[in-house]
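Hi,

Here is the structure I promised to pass on. Have a look at it first, and then read on for what turned up.

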Amino acid sequence: MRSAHKFKVYDFTDPVTSDTDLPPREQVVAEIVQRLEPFRVDARPITGATVITKDLNIDSLAVMDMVMELEDRFDISIPLNDVAEIHTVDELAEAVLRKVGGR
Amino acid sequence: MGIFDRYRPLLDSYQAMRATGIDPLVTMERVLSPTEAIINGRKTLLVGTNNYFGLTFDQECIEAAVEATRAEGTGTTGSRMLNGTYAQHAALERELADFYGMKHCMVTTTGYQANLGIISTLVGEGDYLVIDADSHASIYDACKQTQATIIRFKHNDPASLEARLRRLKDQPGNKLVVVEGIYSMLGDTAPLKAFVDITKRYGGYILVDEAHSLGALGEHGRGLVEEAGVLEQVDFVVGTFSKTLGAVGGFCVSSHDGFEALRVATRAYMFTASLPPAVVASVRAALKVVRRDGAALRARLWENVATLYDGLAAAGFRLGPEHGPVVAVLMPDQTTTIAIWHALLEAGIYVNVAVPPATPGGLCLLRCSLSAAHSRGQLQHVVETLSEVAQRFGVLETARKRAIAG
């Protein structure tokens with residue numbers, strides 16, 4: 001209920017489950033960017049270098065909710081302990097790829 | 001950069017609100033009963049105090065507290081580990097363990113400390129703490145204090161919990177799932193049977209915080225664990241004395257061997273003074289009332305829930321998802337929430353303001369909580385007054401209201 005609140009509906013909702021379809025880095029970045037779109041504050045596009053909690057109008061709860069969605073999308077565990085260390089979109093994409101690789 | 005600079009935005013918004021003549025932090029100038037107090041010089045109806053059975057003014061509880069103060073003094077001046085364990089503390093622990101049919105109980109000085117201390121100590125490095133996304137602040141704070149890995153699942157969503165436990169199934173380390181009986185903001189109950197089944201299937205432990213459900217749910221008032229028929233499968237039940245039991249303090253019960261080790265490992269239990277004799281005595285008396293008169297008090301509480309919830313629903317308000325001792329009224333935005341809350345206070349009714357980040361999903365709420373001590377007339381008055389005020393602020397549509405009235 002809570003997670004549905006601010007997020008839009010996206011196209012790629014099928015969870016990635018098999019090791020053969022490792023997502024390319026660009027796809028992971030694109031999916032993160034898409035989930036962050038509702039929180040964009042100005043015309044500047046969201047890129048890998050965007051600092052999530054500084055450059056966007058997003059609170060820590062919404063970041064945690066997005067992480068929860070990424071966990072389900074890529075069938076991985078991203079502990080809250082790691083979220084504190086993640087600042088940029090690129091860092092989040094890295095974390096996702098590391099988990100997908102180690103799955 | 002000054003030490004308070006980080007709080008500048010908070011302070012600014014607080015002061016901006018005060019400049020409009022509204023101070024959201026009220027002082028109860030004098031509390032008259034479980035349902036009335038003097039606020040801003042005005043007699044005010046209290047509909048936001050978590051005083052579910054209205055036991056704060058129960059004669060037996062008051063007498064027990066007074067007698068204990070005379071007999072044992074005003075405070076214990078020490079930790080449970082040192083000089084702060086009196087015979088009464090041990091007796092209360094036995095009585096609570098007996099109430100739940102569990103072997104062990106630990107009493108803490110606040111409910112917050114029960115969650116903070118016990119959850120953070122139960123799991124450690126290499127373990128997993130798996131929490132509902134809408135968990136209370138005390139559970140989130142426990143996450144900050146433990147070395148365990150923290151995983152969040154979607155609020156009240158068994159499939160989301162299952163997906164997370166499945167991903168962790170090959171990881172060594174204990175998994176502790178933490179849920180609440182009734183969630184404090186929207187008043188919704190957990191799908192506990194499903195949570196317990198899933199947790200057990202994956203070999204995890206489950207802890208249920210019954211802060212808002214002790215007394216209110218279950219044939220004997222043991223909470224959602226009893227109502228859902230899972231009391232015997234649940235590993236840990238946490239509760240508070242500051243709601244149905246009308247005082248302050250917290251506890252955790254369990255039947256696991258080894259539980260007593262927590263007494264010498266839980267920092268929030270060891271490094272704080274124990275509950276004063278008056279509180280322990282009033283809680284023991286309140287627990288007796290719950291065991292003796294619980295059925296009648298529970299029936300009155302739920303009648304009151306129906307009066308307020310159904311009345312507000314009929315008036316056209318959007319409410320939390322289900323009947324319960326917490327009734328959340330959804331508001332469109334923060335400014336309107338505070339304006340309506342203030343207008344209600346001026347009209348002699350106190351409810352809680354709940355706005356982000358304290359609320360789930362960015363919701364703005366007027367949070368009401370019911371008591372067995374409320375009269376039907378008092379609650380009908382709340383429905384009428386809130387409808388009138390909300391209409392004035394354009395929150396309720398006039399046509400809807402007329403249709404109800406007609």
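This is a predicted model: local features need pLDDT of at least 70, side-chain atom pairs count only at pLDDT 80 or more; totals for chains, interfaces and linings use all residues.

To start with one spot: in which loop of chain B does B:Gly223 lie? The loop runs between strand S8 (205-209) and helix H8 (224-227) of chain B.

Residues are numbered from 1 along each chain as its sequence is written, while chains are lettered from A and ligands numbered from 1 in the order in which they are written.

Back to B:Gly223. This glycine counts as buried because it has 29 C-beta neighbours inside 10 Å (buried means 20 or more other C-beta atoms within 10 Å of its own, exposed 12 or fewer, partly exposed in between, with C-beta atoms placed from the backbone). Leaving aside residues up to four places away in sequence, B:Gly223 touches B:Gly181, B:Glu210, B:Ser213, B:Leu214, B:Leu217 and B:Gly218. A contact means that the C-beta atoms, placed from the backbone, lie within 7 Å.

Now the domains. Chain B splits into domain 1 (16-56 + 294-405) and domain 2 (76-275), with bounds from an automatic or database domain assignment. Taken over C-alpha atoms, their centres are 29 Å apart. Domain 1 of chain B gives 22 residues to the contact and domain 2 of chain B gives 18. On the domain 1 side, the elements giving two or more residues are helix H10 (277-314), strand S11 (326-331) and strand S14 (364-369) of chain B.

Last, some strands to trace by eye. Strand S1 (residues 30-33) of chain B pairs antiparallel with S2(B) over three bridges; pairing needs at least two DSSP bridges. Two residues sit between S1(B) and S2(B) in their hairpin, and B:Arg30 has B:Ile38 in S2(B) as its bridge partner. S2(B) also runs antiparallel to strand S3 (residues 42-46) of chain B, joined by four bridges, with B:Ile39 opposite B:Arg42. As for the faces of strand S2 (residues 36-39) of chain B, B:Ala37 and B:Ile39 are on the covered one, B:Glu36 and B:Ile38 on the uncovered one.

Cheers

Key
Two residues are in contact if their C-beta atoms, placed from the backbone, lie within 7 Å.
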